[in-house]
Amino acid sequence: MGRSGIQVPTLTFGGNVLGWTVDQSTSFSLLDALLEHKLNFIDTADIYSRWAEGNSGGESETIIGNWFKKSGKRDQIILATKVGKPMGEGKVGLSPRYIKQAVEASLIRLQTDYIDLYQSHDDDADTPLAETMAAFDALIKEGKVRAIGASNYSAPRLSEALKVSQDNGLARYETLQPLYNLYDRNVYEDDLEKVVSDNGLGVINFFALASGFLTGKYRTQADASKSQRGGQVVEKYLNDRGLKILAALDQVAEKQGAKPGQIALAWQIARPSVTAPIVSATSLQQLDELAKAADLTLDDADILTLNEASNE
């Protein structure tokens, strides 16, 4: 991941489902299975899953922490979490005061004394970048954080943050977490990719399967009923371009003896600037399927087919 020296597998497990769409018992089974698949990189956030009824945030971190305590496997996991999204009154942003408060809360929930990758969940235009980066730098020097990363940053602001770190001798963002998949290509490829490539940053992109659309799960309006977010998925992705992408995924999947979602992930893994796409699973069967994407190798013809279908 960037210049951090931290090695990760080619897929990241998204911990947003833990304590939201899967309970603690199922979460423990998934976390055990991740290690069996040698997928030991888990990305979560303090806010997961504050949006769910009855939740206040911290549920995912708490479950991971409980699993660490039960399994004793903290040292086998590369753990990423985030700070900055609203967690209640006065608990938002990237001020040094709040970063210090938030990291301690995350460490307690996670039942660990360090975080491998601590990320800014959102840019905070109200706090000078020098103050934010100095706060992160202090956490690294204290041994509470090994490396830092950014999520949801624009290319200009990411460039500015990197320059501030360089000019002030502070720790820099080593990773970027952007929106990127076969359908949502433009923002990353047009602006952000050059910044990360020029500066040697790692990329762990979210919505790698476009909220499930790229698995082929949603092919008609009627498929909107297949999940809680099905309506939003169908509204955004079920159009001529989306169907063209699914057709290309089907074509390559048939050739490879794989499934569309596996091909969609393999396409991202094959992109030199991408380190490890983030994917979630709510069952062991889903996890087994996703894990196979890491073993697929697409040839130039496959990538061309997918690129042409998804170009705007």
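This is a predicted model: local features need pLDDT of at least 70, side-chain atom pairs count only at pLDDT 80 or more; totals for chains, interfaces and linings use all residues.

1. The largest cavity holds about 50 Å³ of space. Its lining is made up of Leu11, Thr12, Phe13, Leu34, Leu39, Val279, Leu287, Leu290 and Ala291. By class, eight of these lining residues are nonpolar, one is polar and none is charged. Strand S1 (12-14) and helix H10 (284-291) each contribute at least two residues to this lining, and the largest share, three residues, comes from H10.

2. Open space. The largest pocket contains about 1,400 Å³ of space. It is lined by 46 residues, and those nearest its centre are Asn16, Ser211, Gly212, Arg229 and Ser280. The pocket lining comprises 18 nonpolar, 20 polar and eight charged residues. Helix H7 (230-237), helix H9, strand S8 and helix H10 each supply at least two residues of that lining.

3. Eight strands form an open sheet with parallel pairing, in the order S7-S6-S5-S4-S3-S2-S1-S8. Strand S7 (202-203) and S8 are the edge strands, each of them pairing on one side only.

4. Strand S3 and its neighbours. Where in the sheet does S3 stand? In the strand order, S3 lies between S4 and S2. On one side, strand S2 (residues 41-43) runs parallel to S3 and is joined to it by three bridges; here Asp43 has Ala80 as its bridge partner.

5. Crossovers around S3. One is right-handed and consists of S2, helix H2 (residues 59-71) and S3. The other, made of S3, helix H3 (residues 96-110) and S4, is also right-handed.

6. Burial of S3. Are the residues of S3 buried or exposed? Six of the six residues in S3 (residues 78-83) are buried. Ile78, Ala80 and Lys82 point one way from the strand, while Leu79, Thr81 and Val83 point the other way, and all are buried.

7. Helix H9. Why is H9 described as largely enclosed by the rest of the structure? The reason is that nine of the 10 residues of this helix (residues 260-269) are buried. The buried residues are Pro260, Gly261, Gln262, Ile263, Ala264, Leu265, Ala266, Trp267 and Gln268. They pack against helix H6 (186-199), helix H8 (240-256), strand S8 (278-279), helix H10 (284-291) and helix H11 (300-310).

8. Gly230. This residue belongs to helix H7. Gly230 counts as buried because its relative accessibility is 0%. Leaving aside residues up to four places away in sequence, Gly230 touches Tyr218 and Ala224. From Gly230 to Ser211 the separation is 19 residues in sequence and 8.6 Å in space, C-alpha to C-alpha; Ser211 is one of the residues nearest the centre of the largest pocket.

Notes. Residues are numbered from 1 along each chain as its sequence is written. Side-chain values use heavy atoms; hydrogens and water are left out. Buried means under 20% relative accessible area, exposed over 50%, partly exposed in between (1.4 Å probe, protein chains only). Helices (H or I, at least four residues) and strands (E, at least two) are DSSP runs, numbered from the N terminus. Two strands pair if DSSP finds at least two bridges between them. A crossover is right-handed if, with the strands pointing away from the viewer, the path from the first strand over the helix to the second runs clockwise. Contact means heavy atoms within 4.5 Å. On a 1 Å grid over the protein atoms alone, a cavity is a set of points where a 1.4 Å probe fits but cannot get out, and a pocket is an open set with protein on both sides within 12 Å along at least five of seven lines; lining residues have an atom within 4 Å of a point. Grid points are joined across faces, edges and corners, and a volume is the space filled by probe spheres set on the points. Ala, Val, Leu, Ile, Met, Phe, Trp, Tyr, Cys and Pro count as nonpolar, Asp, Glu, Lys and Arg as charged, and the others, Gly among them, as polar.
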